[in-house]
Amino acid sequence: MKSYFRPEIDAIAGYVPGEQPKMANLIKLNTNENPYPPSPLVAEVLREFDISRLRRYPDPMADGLRDMFAADLGLKRENVIAGNGSDDLLTMIFRAFTAPDRAAAVFEPSYSLYPVLAAMQGAPVKRIALGTGSFAYPADAVAQAGDANLLIITRPNAPTGNCAPKELVRSYCRDFDGIVLIDEAYSDFAADNCAEFATEFDNVLVMRTFSKGSSMAGIRLGYAFGNPVLISGLMKLKDSYNLDMLTQEVGKANYADKAYRAECTAKIVADREKLTAELAARGFEIVPSQANFLFAAPPDGDGAGAFALLRENAVIVRYFPGEVTGKYLRITIGTPEENRRLLEVISEKYPPC
Ligand SMILES: *Cc1c(COP(=O)(O)O)cnc(C)c1O
């Protein structure tokens, strides 16, 4: 059949999300979800929710959520936009700032959704390689980004887990003549974040999600903040009711419980350090991680083999084939029991030395 699609769409391979297998007894360490449930306050909100409210449309602007985020960040409502997951915000951002004559610049390796969104716009992508082995951020990234209109820094980075040094990010924000998006999907697990750049610079957006640190990947909630001019421009592009009523209610309840979130995060960070040491003792090369996952290469560099071994034993991690990434596994930090099982399987082939 003749294709009626725009040629840009025919050319897209399509983003492939990490698998969500249905097998029982599976240890799922492949999509960086939180191993702990959301705050108990969420259950309370759901239990008490008046179902008849669902007849009505939700607040199109999600102002309750925006006010909460703004208060926490020392900003105003006008500085904040909420999205149906941060993927929704990424869609708005690519629609707003990229086009055939407005390139996106991304680091490699990074979140593989960005180039797919650029392709939908027919926008060119400039790929800026991170340092070999170290995944260090190049000092000349802005020069490499050239005349791109959007530069994305994932901090901490996925899938590598390392953070671009904050002062270097500040220099990118200052020197780049375009929009700098700092994707802080994993900042809950990092030593610091770049929130202040959203007010220090007019051209910077910082974006966060509830999917990782807030244990609510299933609810689809993210937010971005920056200059009100950027935020009101993005508002023009969003679906009218992009956040459903339940997401708004549940999101507020979960966000309010900071103590619970901090407790879960602290456990994950401590277990990240433990797992790093255990894998290092088995000869793995591990990128120092500021996220809730490790990017780790087995001593023989056979990432595909280690992935298969784990899979045969019902432990699912993420594997990214390719010359740079193919040596590594990306392993989500699970519960202590899950991490122990992962190590048990790994030790069959790579015993502690
Ligand atoms: C998980 C992730 C997202 C997407 O988050 P959602 O809010 O679930 O859409 C965005 N950016 C990066 C780098 C991620 O790892």
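## Close-up views of a predicted model

**View A. Strand β5 is mostly covered.** From β5, Leu 150, Ile 152 and Thr 154 point one way, Leu 151 and Ile 153 point the other way, and all are buried. The model shown here and in the other views is predicted. The strand covers residues 150-154, and five of its five residues are buried. Here a residue is called buried when its relative accessible area is under 20%. By that cut-off, buried residues make up 53% of the 353 residues in the protein chain.

**View B. Strand β5 is joined to β3 and to β6.** β3 and β5 run parallel, and three bridges join them. Ile 179 in β6 stands opposite Leu 150. To get from β5 to β6, the chain passes through helix α7, residues 166-175, and this β-α-β crossover is right-handed.

**View C. The largest pocket has a volume of about 580 Å³.** Its lining has 31 residues, and those closest to the pocket centre are Tyr 15, Thr 31, Asp 87, Tyr 111 and Lys 212. Which elements each supply at least two residues of this lining? They are α4, residues 86-97, and β7, residues 204-209. Helix α4 gives the most to the lining of the largest pocket, namely three residues. Sorted by type, the lining of this pocket holds 12 nonpolar, 12 polar and seven charged residues.

**View D. The second largest pocket holds about 420 Å³ of space.** There are 24 residues in its lining, and Glu 108, Pro 109, Ser 110, Ser 112 and Thr 325 are the closest to its centre. β3 (104-108), α5 (113-120) and β4 (125-129) each supply at least two residues of the lining of the second largest pocket. The strand β3 that contributes here is also joined to β5 by three bridges. By type, the residues lining the second largest pocket are 14 nonpolar, seven polar and three charged.

**View E. One cavity of 30 Å³ or more is found in a search of the whole structure.** Rolling a probe the size of a water molecule over the atoms shows where empty space is left. The largest cavity has a volume of about 50 Å³. Which residues line the largest cavity? They are Asn 34, Pro 38, Ser 39, Gly 213, Ser 214, Ser 215, Asn 254, Asp 257, Tyr 260, Arg 261 and Cys 264. Helix α11, residues 258-281, provides the largest share of this lining, three residues. The lining of the largest cavity divides into three nonpolar, six polar and two charged residues.

**View F. The protein chain has 13 helices and 12 strands.** This last view sets the close-ups in context. Along its principal axes, the C-alpha trace of the chain spans about 55 × 55 × 55 Å.

Definitions and conventions: Residues numbered from 1 in each chain as written. Predicted model: local features only at pLDDT ≥ 70, side-chain atom pairs only at ≥ 80, totals over all residues. Heavy atoms only, no water. 1 Å grid on protein atoms, 1.4 Å probe; cavity = no way out; pocket = protein on both sides within 12 Å on 5 of 7 lines; lining within 4 Å. Points joined across faces, edges and corners; volume = space filled by probe spheres on them. Helix = DSSP H or I, 4+ residues; strand = E, 2+ residues; numbered from the N terminus. Nonpolar A, V, L, I, M, F, W, Y, C, P; charged D, E, K, R; others polar. Buried < 20%, exposed > 50% of the residue type's maximum accessible area, 1.4 Å probe, protein only. Pairing = 2+ DSSP bridges. Right-handed = clockwise from strand over helix to strand, strands pointing away.
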